[in-house]
Amino acid sequence: MAPSNAKHASQACIISGGFTVLSLQFSTESTAQHNIFVKEHRVRAEKTTHRPLDRTLFVLNIPPYCSESVIRELFSQFGPVQSVELREKPGSSENATSKLAKYFTTAQKQGFVVGYIVFQKATSIAAAKSHPHNVPLVVSTEQQPVWTGLKKWIHQYKQSIVQTDKLQEAVDAFMQDYDQRKNEEAKRQKKQAEEQQEDEEGWVKVTRGKGGAKARPHSEVANQKALQKETRKRKRKELINFYTWQHRNTQKEHIAELRKKFEEDKQRIALLRAQRKFRPY
Amino acid sequence: MIYQPTANENMKGDIEEQMEQSESSHGEEDDGPTIAKRAKPEVVKEMEGILRPVKLSRGELYKPPTAEELNQLKEAESLFHCSLLKMQMEELLKEVALSVRRKQQIDSFVQNVTELLKTVPQTPVVELSDLSWLSGGVKVPFLLVPKAAKGKFHMAPPISVNIIGSYPLGTCTKPGISVDVAVTIPADVLHPKDALNQRYPRKRALYLAGLAHHLSSSSAIGTMQYSCLHGNRLRPLLLLSPPGKENSGFTLRLHACPPPGFFKPSRFHPQRNNVRTEWYTGLRSSQTGAVEPPTPHYNSSVLGDMLPAAHLQFLAAVHSQCSAFTDGVALLKVWLRQRQLDQGAGCFSGFLGSMLLAYLLTSHRVSSTMTAYQLLRNSLHFLASNNLTENGISLARDPDSTAPSLAEFHSVFQVVFVDPSGHLNMCADMTACTYKWVQHEAAQSLQFWDDPTVDGFHALLMTPKPMIRTADHVFQLCGLAQLQASCKKLNLLNELMDHSGNYILTVLPFILSLLQRGLGERVRLLTHSLLPDPEWSVESEAPKHKVQPHLSFGLLLNPEQAVSVLERGPPADSAKAAEFRQLWGSLSELRRFQDGAITEAVVWEGETSCQKRLVPHQVIKHLLQLHADIPESCVRYVGGMLDSVIKVGEVCSTGEEESLKVVQSYDDLSRKLWRLEGLPLSITSVQGAHSALRYTQVFPPVPVKLDYTFFHRDKTSKCLVPLEDKPCPVYITPIKVICHMEGSGKWPHDRVAIRHIKAAFHISLGELLTQQHHYTCQPSATHLDVWKDGFAFRIQVAYHREPQVLRESLSPEGLLIVRDNEEAQALEMATIHQPFLTSTLHGLQQLHPCFGAVCRLAKRWLGAQLFSDVISEDTADLLVASLFLQPAPFTPPGSPQVGFLRFLHLVSCFDWRNNPLVVNLNGQLTAADYTEIKNDFIASRESLPVMFIATPKDKKVSFWTKLSPSVQRARTISQLKLKVKMLQRVVLVAAESLKVLEHQLMDASQIQDIRVVMRPPLDAYDVLIHLQPRQVPLLNHAVDKPHVTFSRGVLNVGVPKTGQAMPVVDFSPVACYLAELRDAFGDLAVFFCDPYGGTVIAVLWKPKAFHPVPFKTSQMVARRVEVTGEEAHTVPNVEAILEDFRIMGQGLVKSVDLRTERWVV
């Protein structure tokens, strides 16, 4: 895997799009290298605070055996790393699931990922971007070996064994929280319902209700059901084959049906014949 | 309905033509341009080869019909299921009819031959045994046994040369066109006494040899061969084919016949003798007054030669009365041919078919105005309901007084169908078994003909039914010379004389009746292959009888009785006891039964169901040895040859017993779950959702007892963990069980909360099971593992409203909307559909005991050929289920072998593009449902999966074959193309496997290794990753047994106890590795592996991924950049990927084999 541009051998290799190509190999004995592509993180509207634009490095094509800690270790040579975020696809961060216990998160795909590395200093970005192409980053070193293959799977298996009491704790904690939320919700609804009661003088206080404040949300299904009921009712009242014109229509429909079928069959036959499907042997 | 030949002519026209004609027959507003406009889309459709919904304009649909159109439509509706069947039959007839060009060829060739035959030179009169006049290497097509024969012979030009048989009638069909020509021998060559002692047959053979000799010098003849009519050696034929290309498509069959009326037909009364014992044996009989035995078969073979012209006349007369006669016979012939009934010794030939139709017409069972379709139907109905083995039929209107009666025919022949002259039994050589077979086929055909859910046309006329795919078990008699000894043993000299030394045909009826008696209730039907007509060159001697390769017998089993190991005979003191003892010989012994009866009985060996299935083999072996002197070595039984592929463990078992054990253990667990006390909510259902619980797991889990020193023990949870330096531990399959909990208002209405509640249920279920039953349990958020009786059950709690909750969401306006999503579908699949399928197929297994074994063979084959991911386990089970639920034109498979063969046939032949496969589980679908499914399918073919399988619960989506959700998200055209290509490959390999396998099974001379079909061709793949055998947990199940075995932490002694440490469940490095590879490189390559002990992972690059593409942030997986000028292109970083294969599989991968001859970096 020779670098594509040999003349810039000891320099950083920069390609269009502003990415710098770094090479990465698994261990010192490896013969082949992956290209990873780094660039300062720059989006027009970054909503969250934990990807500061000046200190975040955006990395493409990180091999599956590089975990967050490995990346942190690799990039700490350019300066102290504050945080590492690995994702399947580039995009804005979301941490809705983060508060769930680890037992309830869904398994991640173990493929190539993109990363957002937040350094503590802005200068580290430049250091990373000017890293020469022909000096590969090494993932697994003797001091800090990275487990792959059998070792990794056995480790994973060990990790997958759940300790019952811990799981129970996690469940209890969540459910307590959930019940509390539900209770509050119920209380609020009750209060609202009370507010809408007439007071002694017969006045009803009309407030601007919050979202979802309705006692029972309108559902699509309910709407459809009502509609269906209506049509069924209409149908039941209808008389079939009562008038002569109705009878004639039914017959007409029947013939049309037969005709349609005939055409369909004809098409089918033509197709089968084209495929020589009538040779019995 | 009135049959209109003109309308029929119309239908025979091209479809376009027909359209025009029908258009013009409605003919009001039609003119040229509209036709052209409408014809165009038709062409486009054909090009693409996919059916599209037909769209007709309102005007066309509702225009007033003409009387003719109305008739046509009504006829189609009332006579056929639909016009489709009618059109299909017409197309078929077009395919088998002879073309005008072919007819011209035939006519001119016949003309040439006739001219040539007229110039046969006279030769001087010589003794019959003197063959010196026959020079030039041409041999006589006759077995001269005994050698001596009186009489004189000379060659003379024939009196007449006439075409007879099917060709002049127009009932001759493609392929294998044979035109029969009768050459009449001049009267002065024959002598009125020649009927005696094979003199006439010999002269006939000599005459044919003379003709051959004369014709051999002519250039107008291509090849010349001898054959004999329906395997009857007394009636040789001379086959002529025109010069030029090797297979010009037709042959002329020369029959030599005596002049009409030369012999008196009364001489050939079935009770009369025409072959003298003294002459035949060459011994002077001691008593001169002894009555000579009748020679009915010999008689009918001579008689048959005298009547062809009369038969032709008769049939021509019938033909002229009924216009659909030709087509009716053609259909009947196709029907017979697909069932392999129309050729060979004692066949139900096309001639018999014509005669049968003639019988139906003359006896007014059918009307002469009926269509071909109705004629076929009525003849099948007649065959199915009339037993010609007991009540023969006769075409003779007013037979003369010398003609034998039906009873006389019945006394010597097994099947009786008398010709118009009243003297000849046309079914003389047919065995009762063959007729029973015809009857069975006819009855079956009628059964599915009316079933609107079956593609009747296809099953009736288009599906070939070779014996190996029809019969449940097949056995062959090899070394037919051995049958001579049986003739002696059975004392059949007279019959042998009657058949002129053809000991095979002599013995056959006796063997059949012997086996029929011995097998009794075990078989529904016993059939035998019809010995093919031998063909040999004119320059070689007639082949001996023993040259015939083998005689095959097919058994259609009665699934319940066939596997019984006990043959209970009559009580010891009854009169029938002696008969029973005589039949079974030394094996019969007196036994006392539980009901107190003491009876004769035979007990066969058989512990496991795999052995029990082969009880018929033991019966046959024993009977043939005992009564017919046929040694065991001559009987080649093809019934359990495939069993070894799915053998489990050391004992001879194909897994039924093991599956039963799993099911029993599950039943016990299910009972205990029901009775658990102390659960906050009650359990509403416990359902298995694993293939082991429906008997279809390829290698059902066996209880294991673990060697604890082999593992590391996790301190806190008391679970075992595999050790790195040891071989991979035994694979323990988690058997999935779905446990539905009662619905209650306490269930939260929130997806995350439901997940937590389920986890809580897992924990408490585990605790209760441990407390009350001392099982080892290991809960997790998604499931609960229970270690019981050496099996690991994986219990998943389900809540019936959860899919609904997953589908619901609130729109911004506060409207509750329900949208289907993958998460909900996946959950429904796991908690509703899979358990349902499991219980349904479990039921199917109870109905058909070999269902499970067929599934296992099918899945073993899919696995071995690396197709496990193309056709998933559930899909394969459904495919096999369809073979049992809709077996037409077969009967439901009665042995794993035949089921597997039909599976391969289904996979290789089904037209997935244009047809949905409907699996009518529990028979819930009606005909209307079928139509609906078909219409929906055609309407949205493009968006449906490549294989569309509909079930009662799933009429529109085919969720069993849908792409996996992750794939679907990234669904592109290339994905779909890949899927299509993979399926094409499966089809290809299945067809090849079927061919090889049938060959292996039917041909005794081949090297017997049926595992050939289980070895995948690896040369199609780009990279092979070889794995360390020690880390492949299922190594023992590999197709070819490994040389080395590894200790996998299992103790062989003792029974597993409950209440020990949780073993390593569901840990397979190969599966982990494959998952990682697919996650990482799924966009670049496809990975294939045999899940049952495969030590190789085959990789196929996706060609699309290797085109250089511009740099794009979202598509940079494992790619490197190539800069050319300003442009940056990316290509896959192959070297790094290959390195990654090794890195990611450290400890598992042995070597990575780059097959760079197929690709370059």
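Some housekeeping to begin. Residues are numbered from 1 along each chain as its sequence is written, and chains are lettered from A and ligands numbered from 1 in the order in which they are written. Because the model is predicted, local features need pLDDT of at least 70 and side-chain atom pairs count only at pLDDT 80 or more, while totals for chains, interfaces and linings use all residues; side-chain values use heavy atoms, with hydrogens and water left out.

Let's start with chain A and its surface. Glu198(A), Asp199(A), Glu200(A) and Glu201(A) gather in a patch of negative charge. A patch here takes residues with over 30% relative accessible area and no salt bridge, joining like charges within 9 Å and nonpolar side chains (Val, Leu, Ile, Met, Phe, Trp, Tyr) within 5 Å. Lys and Arg count as positive and Asp and Glu as negative, with His and the chain ends not counted, and each charge is placed at NZ of Lys, CZ of Arg, CG of Asp or CD of Glu. Accessible areas come from the Shrake-Rupley method with a 1.4 Å probe, and for residues only the protein chains shown count as cover.

Glu198(A) sits in the loop between helix H4 (164-196) and helix H5 (220-237). Helices (H or I, at least four residues) and strands (E, at least two) are DSSP runs, numbered from the N terminus. With a relative accessible area of 60%, Glu198(A) is exposed; the scale is buried under 20%, exposed over 50% and partly exposed in between (1.4 Å probe, protein chains only).

On to the positive side: Lys229(A), Arg232(A), Lys233(A), Arg236(A) and Lys237(A) make up a patch of positive charge on the surface. Arg236(A) belongs to helix H5 and is exposed at 66%. Tyr243(A) is in the loop between H5 and helix H6 (244-274), and is partly exposed at 46%.

Now, salt bridges. Across all chains, the search finds 43 of them, each being a side-chain nitrogen of Lys or Arg within 4 Å of a carboxyl oxygen of Asp or Glu. In chain B, Lys788(B) and Asp668(B) meet in one, at 3.0 Å from N to O. Lys788(B) lies in strand E24 (residues 784-788) and Asp668(B) in helix H27 (residues 656-674), so this pair ties together parts that are 120 residues apart in sequence. Is Lys788(B) buried or exposed? Its relative accessibility is 0%, so Lys788(B) counts as buried, while Asp668(B), at 22%, is partly exposed.

Another bridge joins Glu873(B) to Lys859(B), with the closest N and O atoms 3.0 Å apart. That pair links helix H32 (residues 873-885) with helix H31 (residues 851-864), 14 residues apart. Glu873(B) is partly exposed at 32%, and Lys859(B) is buried at 3%.

Last stop: helix H38 (residues 1134-1144) of chain B. Why is H38(B) described as largely enclosed by the rest of the structure? Because nine of its 11 residues are buried, including Val1134(B), Glu1139(B), Asp1140(B) and Phe1141(B).
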